[in-house]
Amino acid sequence: MKISTKGRYGLTLMIALAKRKGTGCVSLKTIAEENNLSDLYLEQLVGPLRNAGLIRSVRGAKGGYELKMPAEEITAGDIIRLLEGPLTIVERIESEPPAQQKLWLQMRDAVKDVLDQTTLQSLADYKEQSDKLEGYMFFI
């Protein structure tokens, strides 16, 4: 399974909207510039997200896009499945030997669990640690 730019950029777009929750609408151009993405490509992604009820668009001078649902209620799995389709590790799994079928199903379920347990809010709140060993002292 490989997540395409549709899924990656869609997730980036949704995280940007979640970070701005409560501050009003934001334009796709602003999100594109902040994340070094194509605003034309983002325009292709907002249709399915809007149709699914995850975002809403507002016209006018202060228009743009904003989340329609709370970020805590949207998962990475919701976004990825919407933009990429169903999660599939191996095509035509039924033609595989039983032991391999079990492996592929376990892998699919593990990916599904991670995506479905990761909320958009947790992704928006994520803070990167510059030095994971900071604060530790090692003696040899």
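**How the helices pack**

Author: H1 and H3 are roughly perpendicular to each other (that term covers angles of 65 to 115 degrees). This is a predicted model, where local features need pLDDT of at least 70, side-chain atom pairs count only at pLDDT 80 or more, and totals for chains, interfaces and linings use all residues. Residues are numbered from 1 along each chain as its sequence is written, and side-chain values use heavy atoms, with hydrogens and water left out.

Reader: OK, what's the angle between H1 and H3, and how far apart are their axes?

Author: Helix H1 (residues 5-19) and helix H3 (residues 39-51) pack at about 80 degrees, with axes 10 Å apart. Helices here are DSSP runs of H or I with at least four residues, and strands are E runs of at least two. Axes are lines fitted to C-alpha atoms, for helices over the stretch in contact, and angles run from 0 to 180 degrees between N-to-C directions.

Reader: Which residues of H1 and H3 make the contact?

Author: From H1, Thr 5, Lys 6, Tyr 9, Gly 10, Leu 13 and Met 14; from H3, Tyr 41, Leu 42, Leu 45, Val 46 and Leu 49. Contact means heavy atoms within 4.5 Å.

Reader: Switching topic: how many residues are in the largest nonpolar core?

Author: That core has 30 residues, and Leu 13, Met 14, Leu 17, Leu 42, Ile 55, Leu 67 and Leu 120 have the most contacts inside it. A nonpolar core is a set of buried Ala, Val, Leu, Ile, Met, Phe, Trp, Tyr and Cys residues joined through side-chain atoms within 4.5 Å. Buried means under 20% relative accessible area, with a 1.4 Å probe and protein chains only.

Reader: And what gives the most to this core?

Author: H1 does, with 7 residues.

Reader: What does Leu 17 touch, leaving aside neighbours within four places in sequence?

Author: Leu 17 is in contact with Val 26, Ile 31, Ile 55, Tyr 65, Glu 66 and Leu 67.

Reader: Now H2. Which residues are buried there?

Author: Leu 28, Ile 31 and Ala 32. They fall within an arc of 100 degrees seen down the axis of H2, so they line one face of the helix. The arc is taken from the directions from the helix axis to the C-beta atoms. Their cover includes H1, H3 and E2.

Reader: What follows H4?

Author: Gly 85, with a positive phi near 95 degrees.

Key: Angles under 35 degrees count as roughly parallel, over 145 as roughly antiparallel, 65 to 115 as roughly perpendicular and the rest as oblique. Buried means under 20% relative accessible area, exposed over 50%, partly exposed in between (1.4 Å probe, protein chains only).
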